[in-house]
Protein chains: 2
Amino acid sequence: MSPSTDRHKQRARQWFEALRDDICAAFEALEDELGEEIAETLPIAEELRGLPPGRFERKAWIREPADEAANQAADEAADETEEAHTGGGVMSVLRGRLFEKVGVNVSTVMGRFSEDFAKQMPGAAEDPRFWASGISLVAHLRSPLVPAVHMNTRYIVTTQGWFGGGADLTPMVPDEADTAAFHGAFKAACDRHDPGYHPRFKAWCDEYFFLKHRGEPRGVGGIFYDQLDSGDWDADFAFTQDVGRAFLDIYPKIARRHLAEPWTAEQRRHQLVKRGRYVEFNLLYDRGTLFGLKTGGNVEAILMSLPPEVAWP
Amino acid sequence: MSPSTDRHKQRARQWFEALRDDICAAFEALEDELGEEIAETLPIAEELRGLPPGRFERKAWIREPADEAANQAADEAADETEEAHTGGGVMSVLRGRLFEKVGVNVSTVMGRFSEDFAKQMPGAAEDPRFWASGISLVAHLRSPLVPAVHMNTRYIVTTQGWFGGGADLTPMVPDEADTAAFHGAFKAACDRHDPGYHPRFKAWCDEYFFLKHRGEPRGVGGIFYDQLDSGDWDADFAFTQDVGRAFLDIYPKIARRHLAEPWTAEQRRHQLVKRGRYVEFNLLYDRGTLFGLKTGGNVEAILMSLPPEVAWP
């Protein structure tokens, strides 16, 4: 492993963790803004009365090697005194007034792809060892007027290295201004790097977050990118940072718009049903979820994305 | 297609539909037994007050060909004036006092397996055309003291023909007497046909209804069998009928035991979480669900199995 790659890994990891800290702080500030005064005017008042603003709780986990191959990878790594274990992560979860449940996971894991995965992953056919670090966030809101949101960025290293990620919005009640603001923020972030990025990554997002069995999109999209390796590591890293910053800037603004809006029982019921689609997508199609569950990932962290309350009436 | 096979198809289909009628009648009788007097002593009283006992509503659907291959199969069938369309089914759904949601689907469909499926299905490599008829039931109860239950039996014809199915119980609060009664009923049904069936089909059920990512079983099992073709069609059909009859006999007895038992809010919360595992199993592992969703099956009928209210807290 070249020193330059080690420096890249370290910088990426530190960024994901710093972004997590900033997002957690911004979300806790939103919890504070939804003060008791406001909460008591909402249908959820009774449920919230006496509840303090939500705070993130953190829980670290160590990755359990999925199989013999992973064990072997860990042993070899230990022999080389390069890596003593197979990595792990930290889950940050907040269950609060505004955020019914939001999970922000950071993880840095290393191991050896199974033969099947090695064939699918760039640069892994010749050497199945991998290193991956990333941040992943899913937020489910109490109010059906505040959109659910997902954001994830990651840096993966095999014999090659690339970035991937994106963010997408799932409004429960359509709101064109929210949708336009969300797309606008990511378009601006993309355009600062490459005018071709936004059209391509927006289309990729629409294609990815689509429930084939229902013929319907999960939400209103956003951007999705993968295997980004332009040859200029610093540029790709700067883009990935800007995706994170765009999220950190725009999502609290969208949430803030609807903080004090009361909702109806009918809107809440619709939200619970729409959340069912979210579950269907994540368990049937989401590559990260299926990859994680099949490779011995941390189940609690992976399934943190599932909504706290769901209905299939 | 030999006349004898046509007769087999007809007899199997008629049986599945007759069994559906008997089960619906038995479940509606249970709804009547949970009279207002009882309901008002339960924590759900407020929710149920004024609600009449649940009744099944039926909805027929026609199968939409999934793709070119299916269309072609339908066309060819039409050309041969053998089959005018690709089949369909009838969903029967009851949302009541005892049964929070129970769906009983019968369907009879025909078409052509995709190349991938044809390789996996007995007798389809030489000719990908198939015919399938079956009954499938999933019940989610309001009371966490009454176990959720699943039952499914089917008859599939390619160039070969076989039966498959089973039943399994998912108690939310463990009850050894319920579990013993359920296993006893299917053991008796199996033993009437072959002393080797029960040990084999019970083990198969435990293996099948297992959430690998969590290392936990979905429930307490029951029986599961597939590709049953002993060479004696009448014997295999009689066994499949006995599986249905065993279910029809034992499940109402188990439900009746707990009809008037009050439950706690904590037990209900536990039920909603346990139902999440049910969703995870069906969307991640259940072959019938994934097969149906990938082959253009009726989404509403397939996902009727998902619980009405679920929590991932």
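Here is a short walk from the whole assembly to a single pair of side chains.

Before you click anything: this is a predicted model, so local features need pLDDT of at least 70 and side-chain atom pairs count only at pLDDT 80 or more, while totals for chains, interfaces and linings use all residues. Residues are numbered from 1 along each chain as its sequence is written, chains are lettered from A and ligands numbered from 1 in the order in which they are written, and side-chain values use heavy atoms, with hydrogens and water left out.

**Stop 1: both chains.** Superpose chain B on chain A: a rotation of 180° with 0.0 Å of shift along its axis does it, at an RMSD of 0.0 Å (least squares on the C-alpha atoms of residues with pLDDT of at least 70 in both). The two copies are thus related as by a two-fold rotation axis. To find that axis, select V310(B), whose C-alpha is the nearest to it in chain B, 2.5 Å away.

**Stop 2: the interface.** How many salt bridges cross between chain B and chain A? The rule finds 0 (it asks for a side-chain nitrogen of Lys or Arg within 4 Å of a carboxyl oxygen of Asp or Glu).

**Stop 3: β10.** Show the cartoon and pick strand β10 (residues 309-311) in chain A: with β10(B) it pairs in the antiparallel sense over 3 bridges (strands are DSSP E runs of at least two residues, numbered from the N terminus; pairing takes at least two DSSP bridges). V310(A) stands opposite V310(B) here.

**Stop 4: a salt bridge.** Over all chains the count is 42 salt bridges. For one of them, select R218(A) and D168(A), whose side chains meet at 3.0 Å, N to O. R218(A) sits in the loop between β8 (216-217) and β9 (221-228) of chain A and D168(A) in strand β6 (residues 161-170), so the pair ties together parts 50 residues apart in sequence.

Terms used:
Helix = DSSP H or I, 4+ residues; strand = E, 2+ residues; numbered from the N terminus.
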